[in-house]
Amino acid sequence: MIKIIVESSHDATLIEDAVDNWPVRIVNDVERLPGDDDVECLILGSRARNLARWVGPLGKIERDWAGVPIIVVTDSEPEVALQLSGIKVSAVVWFEDLQSELGPAIRAARGVDHILRLAGEIEESTLPPSLRLAVAHGLRVATDRPIRRVRKLASVVGSSPVTLSQQFRESVGGRTTLARFLRALVILRGHQLRSSGLGWDRVAGELRVSRQTLHRQSKEWPGRRLGPLAAMSRGQLLARFVSDFVRPLLADRTD
């Protein structure tokens with residue numbers, strides 16, 4: 001799903017016509033953006049004369065929708081680069097180039113795995129250096145075989161497990177732990193493997209855990225048995241992961 005945030009129905013039509021065949025949803029009120037959809041990309045359509053008023057909302061979207069690529073469609077004006085200098089957007093497309101440039105921009109943005117995008121955002125944050133390195137590494141390897149234990153992660157990045165655990169807990173205000181974060185990454189990868197067609201026994205084997213362990217960890221986070229977990233969409237699970245783990249880490253810590 002691609003969400004398109006626009007100021008006018010005319011611009012909504014222009015952008016929607018250039019999106020090719022992807023499913024889209026038009027949103028006129030940024031405050032009404034839900035956090036549980038299969039959102040693969042957010043597109044903001046704003047005329048250059050109005051772009052300054054979107055800087056604050058874009059910053060909030062960047063925090064609340066961590067890992068989701070943002071594409072800005074606007075007019076080709078010199079002040080645009082300065083207005084967007086503090087916002088991490090995947091691409092800027094001019095209204096005059098919509099038909100030729102928007103499709104490629106969407107394909108490029110969607111081509112980066114959501115988890116890898118989150119790792120990049122963690123690396124650019126102001127978390128303590130050792131924690132920043134550890135969390136980003138944990139995210140990156142979770143696209144294949146997640147690291148399941150804090151001690152192992154600490155060993156890989158050359159840090160102390162106690163230090164990493166303390167820094168993580170302090171950074172999220174005590175809301176969760178590094179160990180739970182790693183177990184959630186196991187569930188994310190397990191869900192991805194299950195969605196590819198593997199049975200849960202095979203998924204557990206790929207992750208080098210027992211099915212019982214996988215079941216127990218899924219009940220811990222996101223609080224579902226394996227059957228209901230499989231019924232969740234990847235977008236829903238990623239949104240929950242961002243809300244429970246990534247957003248607390250990045251709160252007030254991005255440059």
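Reply: A residue is called buried under 20% relative accessible area, exposed over 50%, and partly exposed in between, using a 1.4 Å probe and protein chains only. The model is predicted, so local features require pLDDT of at least 70 and side-chain atom pairs count only at pLDDT 80 or more, whereas totals for chains, interfaces and linings use all residues. Residues are numbered from 1 along each chain as its sequence is written, and side-chain values use heavy atoms, with hydrogens and water left out.

Me: Fine. Is Arg-208 buried or exposed?

Reply: Arg-208 counts as exposed, because its relative accessibility is 58%. The residue lies in the loop between H10 and H11; helices here are DSSP runs of H or I with at least four residues, strands are runs of E with at least two, and both are numbered from the N terminus.

Me: What is the phi of Arg-208?

Reply: Phi is positive, at about 60°, although Arg-208 is not a glycine. Most residues other than glycine have a negative phi, and most peptide bonds are trans.

Me: Which peptide bond is cis?

Reply: The bond from Trp-221 to Pro-222 is cis, with omega near 10°. Pro-222 is found in the loop between H11 and H12.

Me: Back to the H10–H11 loop. What about Val-209: buried or exposed?

Reply: Val-209, in the loop between H10 and helix H11 (211–220), is buried because its relative accessible area is 13%. Not counting residues up to four places away in sequence, Val-209 touches Arg-148, Ala-204 and Leu-214, where contact means heavy atoms within 4.5 Å.

Me: Now the core. Which residues touch the most other members?

Reply: In the largest nonpolar core, of 48 residues, these are Leu-139, Phe-181, Leu-214 and Phe-241. Such a core is a set of buried Ala, Val, Leu, Ile, Met, Phe, Trp, Tyr and Cys residues joined through side-chain atoms within 4.5 Å. The helices that each supply at least two residues of this core include H6 (129–141), H8 (161–171), H9 (178–195) and H13 (234–250). H9 gives the most, with 9 residues.

Me: What else is there in terms of cores?

Reply: Apart from that core lies another of 20 residues, among them Ala-12, Val-19, Ile-43 and Ile-106.

Me: What does Phe-181 touch?

Reply: Not counting residues up to four places away in sequence, Phe-181 touches Val-135, Leu-139, Phe-168, Phe-241 and Phe-245.

Me: How many aromatic pairs are there?

Reply: A search of the whole structure finds 6 aromatic pairs. Rings of Phe, Tyr and Trp (its six-membered ring) pair if their centres lie within 6.5 Å, and planes under 30 degrees apart count as stacked, over 60 as edge-to-face and the rest as tilted. The ring centres of Phe-168 and Phe-181 are 5.6 Å apart with planes at 45°, so this pair is tilted. It links Phe-168 in helix H8 to Phe-181 in helix H9, 13 residues apart. Phe-168 is buried at 0% relative accessibility, and Phe-181 is buried at 1% relative accessible area.

Me: And what of Trp-221 and Phe-241?

Reply: Their ring centres lie 6.1 Å apart and the planes are at 75°, so the pair is edge-to-face. Trp-221 is in the loop between H11 and H12 and Phe-241 in helix H13, 20 residues apart. Trp-221 is buried at 6% relative accessible area, and Phe-241 at 0% relative accessibility. Phe-168, Phe-181, Trp-221, Phe-241 and Phe-245 form one aromatic cluster.

Me: Changing topic: how do the axes of H5 and H13 cross?

Reply: They come within 12 Å and cross at roughly 10°. Axes are lines fitted to C-alpha atoms, for helices over the stretch in contact, and angles run from 0 to 180 degrees between N-to-C directions. H5 and H13 are therefore roughly parallel, as angles under 35 degrees count as roughly parallel, over 145 as roughly antiparallel, 65 to 115 as roughly perpendicular and the rest as oblique. Residues that meet include Ile-115 and Leu-118 in H5, and Leu-238 and Phe-241 in H13.

Me: Last one. What is Asp-11 in contact with?

Reply: Leaving aside neighbours within four places in sequence, Asp-11 contacts Val-6, Arg-47 and Phe-95. Asp-11 lies in helix H1 (residues 9–18) and is buried, with a relative accessible area of 3%. Arg-47 in turn lies over the face of Phe-95, at 3.7 Å from the ring centre; the criterion is NZ of Lys or CZ of Arg within 6 Å of the ring centre and within 35 degrees of the ring normal.
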